[in-house]
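Me: I am new to this structure and want to know what the terms rest on. Please show it, then take my questions in turn.

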Amino acid sequence: LEASPTQLRLDSLQQENERLRKLLSLQEREDSKGQVASILYTPRDPYSRRVVVDKGITNGIAAGQPVIDDLGIVGQVTRTYPLSAEITLITDKEQAVPIQVLRNGLRSVVAGLGNGQLELKFLPVNADVQEGDVLVTSGLDGVYLAGFPVAKVIKIDKDTESSFARIICAPLAKVENFGEVLILNPRKPLPEPPNTGNETVEKSERRGRAQKKA
């Protein structure tokens with residue numbers, strides 16, 4: 001009886017160790033560094049998809065850091081506390097991730113539906129997307145590195161009355177399973193976009209007005 005709790009937990013602990021090894025090997029393979037965190041609990045909000053982990057400001061965690069598991073993108077840090085942090089999952093209705101179709105490089109955005117699935121947005125009915133296509137991060141948002149697995153297309157509804165197809169996807173990561181994730185270090189900031197001709201004209205006009213006033 002005294003030994004039974006350890007024996008009963010043995011399989012679970014073995015699986016946890018295997019997942020941790022995959023997380024550590026993933027950051028080496030992808031040349032990305034981060035910290036392994038354990039999920040403490042989920043906030044009591046049935047309309048959101050968020051979790052709270054045991055790493056926070058004291059561990060150097062900041063809002064915006066991407067979060068993955070050994071299979072793909074889980075979400076990103078959206079709120080930090082001294083000893084914990086809140087992660088919004090990619091299946092949350094407020095989350096959107098720029099992606100590209102691995103098969104043909106087609107770029108778009110997936111958004112959470114709040115029910116454990118995602119929807120591939122803004123693609124016309126005749127877009128070259130097929131059931132089973134794998135979606136990976138495009139890296140265009142400055143948050144996620146390019147090439148991380150995000151989701152797989154599971155259903156395509158091409159309504160002729162609509163100009164856009166309704167494409168439902170399932171996340172590849174175990175977004176709402178298990179208890180360990182890897183919080184990646186923030187990406188290097190992207191360079192500022194170049195000034196357009198209109199901005200240059202506006203600056204010249206403002207400079208001219210300022211000189212007249214002087």
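**Thr-78 and its surroundings**

Reply: Leaving aside residues up to four places away in sequence, Thr-78 touches Ala-63, Glu-86, Ile-87, Thr-88 and Gln-95. Contact means heavy atoms within 4.5 Å. This is a predicted model, where local features need pLDDT of at least 70, side-chain atom pairs count only at pLDDT 80 or more, and totals for chains, interfaces and linings use all residues. Residues are numbered from 1 along each chain as its sequence is written, and side-chain values use heavy atoms, with hydrogens and water left out.

Me: What makes the link between the side chains of Thr-78 and Thr-88 a polar contact?

Reply: The distance is 2.8 Å. A polar contact is a pair of N or O atoms within 3.5 Å; within protein, one must be able to donate a hydrogen and the other to accept it, and residues adjacent in sequence count only if both atoms are side-chain atoms. The Thr-78 and Thr-88 pair therefore qualifies.

Me: Why is Thr-78 called partly exposed?

Reply: Its relative accessible area is 33%. Buried means under 20%, exposed over 50%, partly exposed in between (1.4 Å probe, protein chains only). Thr-78 falls in between, so it is partly exposed.

Me: In which strand is Thr-78?

Reply: Thr-78 is in strand β4, residues 73-80. Strands (E, at least two residues) and helices (H or I, at least four) are DSSP runs, numbered from the N terminus.

**The barrel**

Me: Which strands close into a barrel, and in what order?

Reply: There are 6 strands, in the order β1-β2-β5-β4-β3-β12, with antiparallel pairing. Neighbouring strands of this sheet are turned by 45° against each other on average, direction ignored. Axes are lines fitted to C-alpha atoms, for helices over the stretch in contact, and angles run from 0 to 180 degrees between N-to-C directions.

Me: How do you know that β1 and β12 pair?

Reply: Two strands pair if DSSP finds at least two bridges between them. β1 (residues 34-41) and β12 (residues 180-184) have 5 bridges, so they pair. Gly-34 stands opposite Leu-184, and Ser-38 has Glu-180 as its bridge partner. β1 also pairs with β2 (residues 50-53), over 2 bridges. There, Ile-39 faces Val-53.

**Salt bridges**

Me: What makes Asp-128 and Arg-103 a salt bridge?

Reply: Their closest N and O atoms are 3.1 Å apart. A salt bridge is a side-chain nitrogen of Lys or Arg within 4 Å of a carboxyl oxygen of Asp or Glu. The pair therefore meets the rule. Asp-128 lies in the loop between β8 (118-121) and β9 (134-137), and Arg-103 in the loop between β6 (96-101) and β7 (107-112), so the bridge ties together parts 25 residues apart in sequence.

Me: Which residues form salt bridges with Glu-119?

Reply: Lys-121 does, at 3.6 Å, N to O. Arg-166 does too, at 3.1 Å. Arg-166 lies in strand β11 (residues 166-171) and Glu-119 in strand β8, so that pair joins parts 47 residues apart in sequence.

Me: Which element has the lowest mean pLDDT?

Reply: Helix α2 (residues 197-213) does, at 56, while strand β5 (residues 85-89) has the highest, 95. pLDDT is the predictor's confidence in each residue, from 0 to 100. Where pLDDT is low, the predicted coordinates should not be read in detail.
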